[in-house]
Amino acid sequence: AQNGLGEAQYRVAEYISRDSDDNQDHSTEMHSWYMKAAEQGHPSAQFRLGVSLLPQHDDETPDFRDAHKWLRLAGIQGLHRAWAIIGDSILNAQNHEEGDEKKAVSYIKRAAEAGDAYGQYLIGSACLWGSWFDRNYTEAAYWLSLSAEQGHHDSEYLMGEIFLRGFGVQRDPMIAHEYFTNSADHGDADAMYALGLMNESGDGINVDYEKAKEIMNAAASAG
(Lines give C-alpha, C1' and ligand atoms only; values in the text may rest on other atoms or scores of the structure.)
Protein backbone atom coordinates (compact mmCIF):
# COMPACT_ATOMS: atom_id res chain seq x y z
CA ALA A 1 0.00 0.00 0.00
CA GLN A 2 2.98 2.28 0.38
CA ASN A 3 2.97 2.99 -3.36
CA GLY A 4 0.21 5.49 -2.63
CA LEU A 5 -2.68 3.74 -4.34
CA GLY A 6 -5.86 4.88 -2.63
CA GLU A 7 -7.69 1.59 -3.03
CA ALA A 8 -4.83 -0.38 -1.48
CA GLN A 9 -4.57 2.08 1.40
CA TYR A 10 -8.31 1.88 1.98
CA ARG A 11 -8.23 -1.92 2.07
CA VAL A 12 -5.39 -1.90 4.58
CA ALA A 13 -7.48 0.36 6.82
CA GLU A 14 -10.48 -1.97 6.43
CA TYR A 15 -8.38 -5.01 7.38
CA ILE A 16 -7.14 -3.21 10.48
CA SER A 17 -10.68 -2.10 11.41
CA ARG A 18 -11.83 -5.73 11.47
CA ASP A 19 -9.04 -6.69 13.87
CA SER A 20 -8.75 -3.53 15.96
CA ASP A 21 -10.74 -4.72 19.02
CA ASP A 22 -10.63 -1.15 20.38
CA ASN A 23 -6.83 -1.33 20.46
CA GLN A 24 -5.57 2.26 20.47
CA ASP A 25 -2.47 1.48 18.39
CA HIS A 26 -4.58 -0.31 15.78
CA SER A 27 -7.09 2.54 15.80
CA THR A 28 -4.35 5.11 15.17
CA GLU A 29 -2.88 3.00 12.36
CA MET A 30 -6.32 2.49 10.81
CA HIS A 31 -7.03 6.24 10.93
CA SER A 32 -3.67 6.92 9.29
CA TRP A 33 -4.42 4.61 6.34
CA TYR A 34 -7.94 6.05 5.92
CA MET A 35 -6.39 9.53 5.85
CA LYS A 36 -3.85 8.51 3.19
CA ALA A 37 -6.56 6.94 1.03
CA ALA A 38 -8.89 9.91 1.54
CA GLU A 39 -6.16 12.31 0.45
CA GLN A 40 -5.82 10.20 -2.71
CA GLY A 41 -9.51 10.92 -3.37
CA HIS A 42 -10.92 7.52 -2.37
CA PRO A 43 -14.64 8.21 -1.64
CA SER A 44 -15.22 5.34 0.81
CA ALA A 45 -12.12 6.34 2.76
CA GLN A 46 -13.35 9.94 2.84
CA PHE A 47 -16.69 8.71 4.14
CA ARG A 48 -15.15 6.49 6.84
CA LEU A 49 -12.77 9.24 7.89
CA GLY A 50 -15.55 11.81 8.06
CA VAL A 51 -17.73 9.57 10.22
CA SER A 52 -14.81 8.81 12.55
CA LEU A 53 -14.17 12.52 13.05
CA LEU A 54 -17.73 13.42 14.02
CA PRO A 55 -17.92 14.86 17.56
CA GLN A 56 -19.82 12.98 20.24
CA HIS A 57 -23.52 13.82 20.75
CA ASP A 58 -22.84 15.13 24.27
CA ASP A 59 -20.23 17.63 23.07
CA GLU A 60 -21.66 21.04 23.91
CA THR A 61 -19.43 22.86 21.41
CA PRO A 62 -19.14 20.43 18.50
CA ASP A 63 -16.70 21.20 15.69
CA PHE A 64 -17.89 19.54 12.51
CA ARG A 65 -15.43 21.18 10.14
CA ASP A 66 -13.02 18.29 9.54
CA ALA A 67 -15.71 15.62 9.59
CA HIS A 68 -18.01 17.51 7.22
CA LYS A 69 -15.13 18.37 4.89
CA TRP A 70 -14.45 14.69 4.21
CA LEU A 71 -18.12 13.74 4.13
CA ARG A 72 -18.84 16.45 1.55
CA LEU A 73 -16.03 15.16 -0.64
CA ALA A 74 -17.48 11.65 -0.39
CA GLY A 75 -20.97 12.96 -1.17
CA ILE A 76 -19.76 14.85 -4.22
CA GLN A 77 -18.30 11.59 -5.51
CA GLY A 78 -21.64 9.84 -5.22
CA LEU A 79 -21.73 8.40 -1.70
CA HIS A 80 -25.09 9.98 -0.98
CA ARG A 81 -25.26 8.59 2.56
CA ALA A 82 -22.65 11.23 3.43
CA TRP A 83 -25.19 14.05 2.95
CA ALA A 84 -27.63 12.32 5.30
CA ILE A 85 -24.89 11.89 7.91
CA ILE A 86 -23.97 15.57 7.67
CA GLY A 87 -27.58 16.66 8.12
CA ASP A 88 -28.27 14.23 10.93
CA SER A 89 -25.13 15.24 12.82
CA ILE A 90 -26.17 18.91 12.72
CA LEU A 91 -29.68 18.13 13.97
CA ASN A 92 -28.35 15.94 16.79
CA ALA A 93 -25.94 18.60 18.05
CA GLN A 94 -26.97 20.01 21.42
CA ASN A 95 -26.51 23.60 20.31
CA HIS A 96 -27.10 24.45 16.67
CA GLU A 97 -27.46 27.97 15.38
CA GLU A 98 -30.52 29.54 13.82
CA GLY A 99 -30.84 28.37 10.22
CA ASP A 100 -28.84 25.19 10.82
CA GLU A 101 -31.96 23.01 10.90
CA LYS A 102 -33.08 24.18 7.45
CA LYS A 103 -29.60 23.54 6.05
CA ALA A 104 -29.44 20.12 7.73
CA VAL A 105 -32.81 19.05 6.32
CA SER A 106 -31.70 20.13 2.84
CA TYR A 107 -28.68 17.82 3.13
CA ILE A 108 -30.89 14.92 4.23
CA LYS A 109 -33.37 15.55 1.40
CA ARG A 110 -30.47 15.58 -1.05
CA ALA A 111 -29.51 12.08 0.12
CA ALA A 112 -33.12 10.85 0.11
CA GLU A 113 -33.84 12.15 -3.38
CA ALA A 114 -30.64 10.47 -4.62
CA GLY A 115 -31.97 7.14 -3.36
CA ASP A 116 -30.13 6.73 -0.06
CA ALA A 117 -32.14 4.50 2.30
CA TYR A 118 -30.96 6.24 5.47
CA GLY A 119 -31.84 9.67 4.11
CA GLN A 120 -35.26 8.36 3.07
CA TYR A 121 -35.75 6.92 6.57
CA LEU A 122 -34.87 10.25 8.21
CA ILE A 123 -37.27 12.21 6.00
CA GLY A 124 -40.02 9.60 6.32
CA SER A 125 -39.81 9.34 10.09
CA ALA A 126 -39.80 13.13 10.39
CA CYS A 127 -43.00 13.30 8.32
CA LEU A 128 -44.53 10.51 10.40
CA TRP A 129 -43.88 12.13 13.77
CA GLY A 130 -43.92 15.77 12.67
CA SER A 131 -40.43 16.49 13.96
CA TRP A 132 -39.08 18.81 11.23
CA PHE A 133 -42.20 19.19 9.10
CA ASP A 134 -45.93 19.25 9.67
CA ARG A 135 -47.07 15.66 10.14
CA ASN A 136 -47.86 14.13 6.75
CA TYR A 137 -48.66 10.42 6.66
CA THR A 138 -48.74 10.27 2.87
CA GLU A 139 -45.22 11.66 2.60
CA ALA A 140 -44.10 9.45 5.47
CA ALA A 141 -45.36 6.30 3.74
CA TYR A 142 -43.78 7.37 0.45
CA TRP A 143 -40.27 7.86 1.82
CA LEU A 144 -40.37 4.99 4.31
CA SER A 145 -41.59 2.54 1.68
CA LEU A 146 -38.70 3.50 -0.61
CA SER A 147 -36.28 2.97 2.25
CA ALA A 148 -37.93 -0.30 3.33
CA GLU A 149 -37.62 -1.65 -0.22
CA GLN A 150 -33.86 -1.36 0.24
CA GLY A 151 -33.99 -3.42 3.44
CA HIS A 152 -33.65 -0.58 5.97
CA HIS A 153 -35.00 -2.30 9.09
CA ASP A 154 -36.09 0.88 10.92
CA SER A 155 -38.15 1.86 7.89
CA GLU A 156 -39.62 -1.63 7.65
CA TYR A 157 -40.68 -1.36 11.29
CA LEU A 158 -42.28 2.06 10.79
CA MET A 159 -44.11 0.86 7.67
CA GLY A 160 -45.49 -1.92 9.85
CA GLU A 161 -46.74 0.67 12.34
CA ILE A 162 -48.30 2.70 9.52
CA PHE A 163 -50.35 -0.26 8.27
CA LEU A 164 -51.10 -1.62 11.74
CA ARG A 165 -52.49 1.71 12.93
CA GLY A 166 -53.89 2.95 9.64
CA PHE A 167 -51.78 6.10 9.50
CA GLY A 168 -52.90 7.64 6.21
CA VAL A 169 -53.62 4.22 4.70
CA GLN A 170 -56.33 1.60 5.07
CA ARG A 171 -55.48 -0.45 8.14
CA ASP A 172 -54.08 -3.82 7.07
CA PRO A 173 -52.57 -6.05 9.79
CA MET A 174 -51.39 -8.60 7.22
CA ILE A 175 -49.23 -6.03 5.42
CA ALA A 176 -48.06 -4.76 8.82
CA HIS A 177 -47.12 -8.32 9.78
CA GLU A 178 -45.03 -8.65 6.60
CA TYR A 179 -43.13 -5.44 7.30
CA PHE A 180 -42.59 -6.36 10.95
CA THR A 181 -41.32 -9.80 9.93
CA ASN A 182 -38.82 -8.32 7.47
CA SER A 183 -37.59 -5.88 10.10
CA ALA A 184 -37.38 -8.58 12.78
CA ASP A 185 -35.35 -10.74 10.40
CA HIS A 186 -32.84 -7.87 10.38
CA GLY A 187 -32.69 -8.02 14.19
CA ASP A 188 -34.99 -5.10 15.05
CA ALA A 189 -36.22 -5.55 18.65
CA ASP A 190 -39.21 -3.19 18.23
CA ALA A 191 -40.43 -5.22 15.26
CA MET A 192 -40.02 -8.45 17.24
CA TYR A 193 -42.07 -6.97 20.07
CA ALA A 194 -44.80 -5.89 17.64
CA LEU A 195 -44.89 -9.40 16.16
CA GLY A 196 -45.16 -10.85 19.63
CA LEU A 197 -48.17 -8.67 20.40
CA MET A 198 -49.83 -9.64 17.13
CA ASN A 199 -49.37 -13.34 17.88
CA GLU A 200 -50.71 -12.79 21.37
CA SER A 201 -53.79 -10.82 20.32
CA GLY A 202 -54.51 -12.54 16.99
CA ASP A 203 -54.63 -9.20 15.20
CA GLY A 204 -54.78 -10.24 11.55
CA ILE A 205 -53.19 -13.62 12.27
CA ASN A 206 -54.02 -16.70 14.32
CA VAL A 207 -53.43 -16.50 18.07
CA ASP A 208 -50.23 -18.35 18.98
CA TYR A 209 -49.16 -17.85 22.59
CA GLU A 210 -46.10 -20.07 22.28
CA LYS A 211 -44.83 -18.14 19.28
CA ALA A 212 -45.65 -14.86 21.03
CA LYS A 213 -43.55 -15.94 24.02
CA GLU A 214 -40.68 -17.04 21.78
CA ILE A 215 -40.67 -13.77 19.86
CA MET A 216 -40.95 -11.66 23.04
CA ASN A 217 -37.94 -13.48 24.48
CA ALA A 218 -36.00 -12.77 21.28
CA ALA A 219 -37.02 -9.10 21.47
CA ALA A 220 -35.87 -8.86 25.08
CA SER A 221 -32.51 -10.38 24.17
CA ALA A 222 -32.09 -8.15 21.11
CA GLY A 223 -33.00 -5.03 23.07
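1. Please keep in mind throughout that this is a predicted model. On the matter of charges over rings, Lys36 lies over the face of Trp33, at 4.2 Å from the ring centre. A second case involves Arg110, whose charged end sits over the ring of Trp83, 3.9 Å from its centre.

2. Trp83 and Tyr107 are stacked, with 5.8 Å centre to centre and 10° between the planes. This pair links distant parts of the chain, since Trp83 belongs to helix H5 (residues 81-92) while Tyr107 belongs to helix H6 (residues 100-113), 24 residues apart. Both Trp83 and Tyr107 are buried.

3. Another of the aromatic pairs is formed by Phe163 and Tyr179, whose ring centres are 6.1 Å apart and whose planes stand at 15°, so the pair is stacked; the angle falls under the 30 degrees that stacking requires. Because Phe163 lies in helix H9 (residues 153-165) and Tyr179 in helix H10 (residues 173-185), the pair ties together parts that are 16 residues apart in sequence. How do the two partners stand in accessibility, buried or partly exposed? Phe163 has 15% relative accessibility and therefore counts as buried, whereas Tyr179, at 21%, counts as partly exposed.

4. H5, the helix that carries Trp83, packs against helix H4 (residues 65-76), and the axes of H4 and H5 come within 8 Å and cross at roughly 150°. H4 and H5 are therefore roughly antiparallel to each other, as the angle is over the limit of 145 degrees. On the H4 side the residues that meet H5 are His68, Leu71, Arg72, Ala74, Gly75 and Ile76, and their counterparts in H5 are Ala82, Trp83, Ile85, Ile86, Ser89 and Ile90. Trp83 is thus named in this helix contact, in the stacked pair with Tyr107 and under the charged end of Arg110.

5. Helix H8 (residues 137-149) and H9 pack at an angle of about 140°, with their axes 8 Å apart. H8 and H9 are therefore oblique to each other, because an angle has to be over 145 degrees to count as roughly antiparallel. H8 passes H9 in a left-handed crossing. From H8 the contact draws on Ala140, Ala141, Leu144, Ser145, Ser147 and Ala148, and from H9 on Ser155, Glu156, Leu158, Met159 and Ile162.

6. Which residues does Ser147 touch, leaving aside those up to four places away in sequence? They are Ala117, Gln120, Tyr121, His152 and Ser155, and Ser155 is among the H9 residues in the contact with H8. Ser147 itself has its place in helix H8, and at 0% relative accessibility Ser147 counts as buried.

7. For the chain as a whole, there are twelve helices and zero strands. The C-alpha atoms fill a box of roughly 60 × 40 × 30 Å, taken along the principal axes. Of the 223 residues, 43% count as buried. Among contacts with a separation of 6 or more, residues 24 or more positions apart account for 45%.

Notes
Residues are numbered from 1 along each chain as its sequence is written. This is a predicted model: local features need pLDDT of at least 70, side-chain atom pairs count only at pLDDT 80 or more; totals for chains, interfaces and linings use all residues. Side-chain values use heavy atoms; hydrogens and water are left out. Rings of Phe, Tyr and Trp (its six-membered ring) pair if their centres lie within 6.5 Å; planes under 30 degrees apart count as stacked, over 60 as edge-to-face and the rest as tilted. Helices (H or I, at least four residues) and strands (E, at least two) are DSSP runs, numbered from the N terminus. Buried means under 20% relative accessible area, exposed over 50%, partly exposed in between (1.4 Å probe, protein chains only). A charge sits over a ring if NZ of Lys or CZ of Arg is within 6 Å of the ring centre and within 35 degrees of the ring normal. Axes are lines fitted to C-alpha atoms, for helices over the stretch in contact, and angles run from 0 to 180 degrees between N-to-C directions. Angles under 35 degrees count as roughly parallel, over 145 as roughly antiparallel, 65 to 115 as roughly perpendicular and the rest as oblique. A crossing is left-handed if the near helix is turned anticlockwise from the far one by less than a right angle, and right-handed if clockwise. Contact means heavy atoms within 4.5 Å.
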